Amino acid sequence: MKLAISTDAPQLNAQLDPRFGRCAYFIIIDTETREWNALPNPAAGAGVGAGPQSVQFLANQGVEAVVGPHFGPKAFTALEAAGIRIYTASGGQADALLDDFLAGALVPVTQPASEGRHRGAGL
């Protein structure tokens, strides 16, 4: 399975970026082999629609699950429509979050963050 984690740098030990749609990088990891690749988020500087643009980018990469801090309504809807599973974490390094994901320790997201939570926060 391909897992994407929103990060602030292009290393496997990078910290979870507090933004999903405008994160600096996505670390995409094959959960079976642990091979990974860091890709700059093309929607990081988007004026509007960064969440759905990020989701389309990830879908084009074959991503099947994502880990991020929280997901606004537009990103959440786009992820659901793309069939990408959504998990949340409050922080940590990408490599540790991968371990948490594989251990089933991350929380599945069943609803978007409230409008007030992400508005103006670059999500």
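User: Which residue in β6 stands opposite T88?

Analyst: V107 does. This is a predicted model, where local features need pLDDT of at least 70, side-chain atom pairs count only at pLDDT 80 or more, and totals for chains, interfaces and linings use all residues. Residues are numbered from 1 along each chain as its sequence is written, and side-chain values use heavy atoms, leaving out hydrogens and water.

User: Why are β5 and β6 called paired?

Analyst: Pairing requires at least two bridges found by DSSP between two strands. β5 (residues 85–88) and β6 have 2 bridges, in the antiparallel sense, so they qualify.

User: What makes β3 and β6 edge strands?

Analyst: The open sheet has 6 strands in the order β3-β2-β1-β4-β5-β6, with mixed pairing. β3 (36–40) and β6 (107–108) each pair on one side only. Strands here are DSSP runs of E with at least two residues, and helices are runs of H or I with at least four, all numbered from the N terminus.

User: How do you know that helix α3 packs on the sheet?

Analyst: Helix α3 (residues 94–102) touches β1 (2–7), β2 (25–30), β4 (65–68) and β5, where contact means heavy atoms within 4.5 Å. Its direction makes about 140° with that of β1; axes are lines fitted to C-alpha atoms, for helices over the stretch in contact, and angles between N-to-C directions run from 0 to 180 degrees.

User: What joins β2 to β3?

Analyst: These antiparallel strands share 5 bridges, with I27 opposite A38 in β3. They form a hairpin with 5 residues between them, and R34 in the turn has a positive phi of about 65°.
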